[in-house]
Amino acid sequence: MSDALARIEAGESPQNLESETLEFKSDHGDPKKTLGDLVNAATCLANGLGGTVVVGVENAVAGPDAFTGTTADLLEVRRYIFDTADPGLTVSVAEHTHRDQRLLVIGVPISATVHAVAWKVTRRIGRSCLPLAPVRVAALHAEREGRDPSDALSGRSVEDLDPVAVGLVRRYLRRLTGDRVRWAELSGPELCQTMGVATSDGELRVAGEQLFCASDGEIVSYQHRSSAGSPPDASHRFNPPLIVAFNGTLEHIAARNRWEPLLRPDGQQLELRRYPEDAVREALANAFVHRRLDLTDPIHVEHLDDSLSITSMGPLVTGVTVENILTTPSRPRNRLLARAFCSLGLIEELGTGISRMYRSMLHLGKEPPLFVGTANSVRVSLTGGPAEMAFARLVSSLDDLSRSDVEVLLVLRHLCTNSSASPSELAPVLQRSPAEAAHTLERMAAASSPLIERASGSAGGARARYRLSKGAIAGLTTAVTYRRHSSSEIERAVLAHLVEHGRITNRVVRSLFGVSTPRASVILRELVNTGLLERTSEVSRGPAVVYGPGPLLPS
């Protein structure tokens, strides 16, 4: 909130700063109308991820004029929200002064239940409060109450098991090690009971019915095209059992998953699949175990040569967003079904699958998985096409610890396209706080063979900037999309510009060398210190400073 208020002060529009957890409201002058707006906003946030409502800010006005203040009474707002929401919703309300205007800050928790106002239930999705249909309200109730839809009794028995599904499960079990290998020798009913998807008297739970039983209804729609605009050259629709549909979809993807060879420094040759098999398996398994089981819409798999997207019905579970999906603890919507997939080795240990997908994509020098969440669905997309061989070759030469560290890989890839970065710039990339990002950068720079280094002249702590080390740049070669210029190259380019124009600024340096504003400032400061430049403008700080020839500049 404090950051948003400062940005509004600097000229931004409040409505552009609203998010899934932050909303601005103005005082209408009519107390009843204001209170009605506030209870609707509070219940909408409570049914989503919780958050903050700031009262006294006109969200359609940019800049300082947006701060209009409020006369609403603190205790009355708190009491009205509790009395009007069904069931009652307890929020915190505090006063806050900004630009001499009185604001109210309403803190809304993630509620343990679902709240309505006048029998209407809404939920915050993105920047909007969207109404929920009755079936989605029931699903949200079940999620908030901790109920597992896949653990309910299905009404079907172990006599309904599909033999193809049972045989496929046994095949997966035989690939494993430890006690689970012996499960493959059990009878179908014994196998279901051992996996926990059937009761002792032979009734299947929903997870067991999904995994092992055939039924009408499409569960996966698969389509392959060479490009987005071309006609499909392969299409298949899968019906339950779920395990048969899952295996068949993987086979279709694998049949069209091209690969390139990579020769490691130790002479070992690797096959680099355009879509890493473990990333594909995790993405597809997540779609199966996190989808809404009460919806009939199938999982859509769109397979192109340059992208693979998998869409499943149902929003992200409460507490998980696309901004924290890498670092937040796993919250499977269908816990029993997820455990069954884990038992079969189809997904990693619960909570590690997303990081595994990131790691596999980054090993190829590609973008990490892209997640898009809506009110009704979740889509994950993987980048196809050839691997970035220089990046993949460098990663393959790293020690096991660095090669498996997702944060190290994310920092490396970011610095391949950015000449330097600060902890605050990398925090959203790592899905960490700036302090945690700073710790990662310091750890990488302090390694015995560092991949990154602190940029010369940059400040310490949170304001420090880091760049690739010379050794990393030499190893990454073509993966680095910019050039690191030597001191002599910089001097020659600046001299040439001065000869032609007689002046130079921070903006010109950024354009000449493709660097950030702080790095350009460092370059100019170093040239001033050596006497090649001197400040010629009255402005002494900031990007508007103008520099001319210094006293030691050669004639």
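Where is Thr321 found? In this predicted model, Thr321 sits in the loop that runs between strand E14 (307–313) and helix H12 (335–343). With a relative accessibility of 12%, which falls under the 20% cut-off, Thr321 counts as buried. Leaving aside residues up to four places away in sequence, Thr321 touches Glu20, Leu49 and Leu316.

Further along the chain, a pair of helices can be considered next. Two packed helices are described by the angle between their axes and by the distance between those axes. Helix H16 (residues 406–417) packs with helix H18 (residues 434–445) at an angle of about 85°, and their axes are 11 Å apart; the two helices are therefore roughly perpendicular to each other. On the H16 side the contact involves Glu407, Val408 and Val411, which meet Thr440, Leu441, Arg443 and Met444 of H18.

The last region to visit is a sheet. Strands of a sheet pair through backbone hydrogen bonds, in either a parallel or an antiparallel manner. Here three strands form an open sheet in the order E19-E21-E20, with antiparallel pairing. Strand E19 (504–505) and strand E20 (533–535) stand at the edges, and each has a single partner strand, so one side of each is left without a neighbour in the sheet. Between E19 and strand E21 (residues 546–549), which run antiparallel, there are two bridges, and Ile504 stands opposite Tyr547 in E21. Helix H22 (residues 517–529) lies across E19, E20 and E21, and runs at about 105° to E20.

Key:
Residues are numbered from 1 along each chain as its sequence is written. This is a predicted model: local features need pLDDT of at least 70, side-chain atom pairs count only at pLDDT 80 or more; totals for chains, interfaces and linings use all residues. Side-chain values use heavy atoms; hydrogens and water are left out. Axes are lines fitted to C-alpha atoms, for helices over the stretch in contact, and angles run from 0 to 180 degrees between N-to-C directions. Helices (H or I, at least four residues) and strands (E, at least two) are DSSP runs, numbered from the N terminus. Angles under 35 degrees count as roughly parallel, over 145 as roughly antiparallel, 65 to 115 as roughly perpendicular and the rest as oblique. Contact means heavy atoms within 4.5 Å. Buried means under 20% relative accessible area, exposed over 50%, partly exposed in between (1.4 Å probe, protein chains only). Two strands pair if DSSP finds at least two bridges between them.
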